[in-house]
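Please look over the sequence and the model below before reading on. The paragraphs that follow go through a metal site, a loop residue, a helix and a ligand site in turn.

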Amino acid sequence: MKRFRRLRSNEQIRRLVRETYVDKKDLIYPIFVIEGENIRNPVPSMPGIYQYSVDQLDEILQPISESKIAGLLIFGIPKHKDELATSAYDDNGITQTAIRYIKTKYPDILIIADVCLCEYTSHGHCGLVKHDVILNDETLPLLSKMSVSLAKAGADIIAPSDMMDGRVGAIRKALDENGFLNTPIMAYSAKFASGYYSPFRDAAESAPCFGDRRTYQMDCSNGKEALREIEADIEEGADIVMVKPALAYLDVVQKASEYHVPLAAYNVSGEYSMVKAAAQNGWIDEKRIVLENLTAIKRAGADIIITYHALDAAKWLEEE
Ligand code: PBG
Ligand code: ZN
């Protein structure tokens, strides 16, 4: 008889043979910065998550800095939205202003800047729209301009999440031409059209006002296509690739980990909110579930986890 239980007999032995560890240095915490003053809006569908104006940002930057997690992912919410997403590539836009503030006051925090137009367009789509069609090639110069503007403000990593074809190559070229040869691109390569994003759209005020994102984000049935997306992004110059969402797509995470490129997985808003809701009802043990979920994402092969649980998890990992 095989006695598997031998290696489970006590915590010291279990620890000795444990295969996967989550470390706080693997975790990235998303933040939402809104234009205006004195704003600290709780996001109702994401308990514990707030939109902050820049003057209130310290409340979240302080714990991020102290937690020693890997860094933050920044999303800006502008006052002014229009068809051309002009606030997205305005050097004095909300995201650029917030990045300059963070860099000055917290130089030790790594800043990853999300690049997409949906928070900045009046229609809420991730690209330019003409006759209700989301244009691909016409969107690329705007994403490039936005990327350069964010890099200029001090972003350490540029993370395009729009899912237009060819955007990684276009952004790489624009960054290089503007002297940002050493600014890495973390590409949302396999980003699925997912129902798990709806709480985020409350937080980022970025829901599309007509249609949906299925003409640019991936069909949730397609695992092999995800690998072609990842290969294309690596060829175009992605330094880090991403699978999103994480938990419902761990098969894709596992296959993506075979490319020998650093791999991020985004544990998205809906995944977070389901855990929070069940925990608030006393139906699950939040700490245990969160650490189990994060361990599963690492076990599947992710190197980096973007998660709204990052600060709680860092604290819990410290306790372990
Ligand atoms: C914007 C963007 C989205 C997310 C990250 N960047 C939403 C979307 O595509 O509608 C989702 C993140 C989350 O749900 O936590 N393109
Ligand atoms: Zn978008």
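How are the donor residues of the zinc ion (ligand 2) spaced in sequence? They follow the pattern C-x1-C-x7-C. This is a predicted model, and every distance and angle here is computed from it. The protein donors of the zinc ion are the SG atoms of Cys-116, Cys-118 and Cys-126, which lie 2.2 to 2.3 Å from the metal. Cys-116 and Cys-126 both belong to the loop between S5 and strand S6 (129-130), so this pair ties together parts that are ten residues apart in sequence.

The geometry at the metal can be read from the angles. Around the zinc ion (ligand 2) there are four donor atoms, and the angles they subtend run from 96 to 119°, which makes the arrangement tetrahedral. For comparison, the ideal angle for four tetrahedral donors is 109.5 degrees.

Met-164 sits in the loop between S8 and H5. With a relative accessibility of 3%, Met-164 counts as buried.

The next element is helix H5, residues 167-177. Its buried residues are Arg-167, Val-168, Ile-171, Arg-172, Ala-174 and Leu-175. Viewed down the axis of H5, these residues fall within an arc of 170°, so they line one face of the helix. On the face of H5 turned away from the buried side are the exposed residues Lys-173 and Glu-177. The cover over the buried residues of H5 includes strands S5 (111-115), S8 (157-160) and S9 (186-191), together with helices H4 (140-153) and H7 (223-236). Just after H5, Gly-179 has a positive phi of about 90°.

A side-chain N or O atom of Arg-201 is 2.6 Å from an oxygen atom of the ligand, and for Gln-217 the corresponding distance to an oxygen atom is 2.8 Å. Ser-161 places a polar side-chain atom 3.2 Å from a nitrogen atom of ligand 1.

Terms used. Residues numbered from 1 in each chain as written. Chains lettered and ligands numbered in written order. Predicted model: local features only at pLDDT ≥ 70, side-chain atom pairs only at ≥ 80, totals over all residues. Heavy atoms only, no water. Buried < 20%, exposed > 50% of the residue type's maximum accessible area, 1.4 Å probe, protein only. Helix = DSSP H or I, 4+ residues; strand = E, 2+ residues; numbered from the N terminus. Arc of directions from axis to C-beta. Contact = heavy atoms within 4.5 Å. Donors = N, O, S within 2.8 Å, 3.2 Å for Na, K, Ca; no water. Tetrahedral: all angles 85-135°; square planar, octahedral: opposite > 155°, others 65-115°. Polar contact = N/O pair within 3.5 Å; in protein donor to acceptor, adjacent residues only side chain to side chain.
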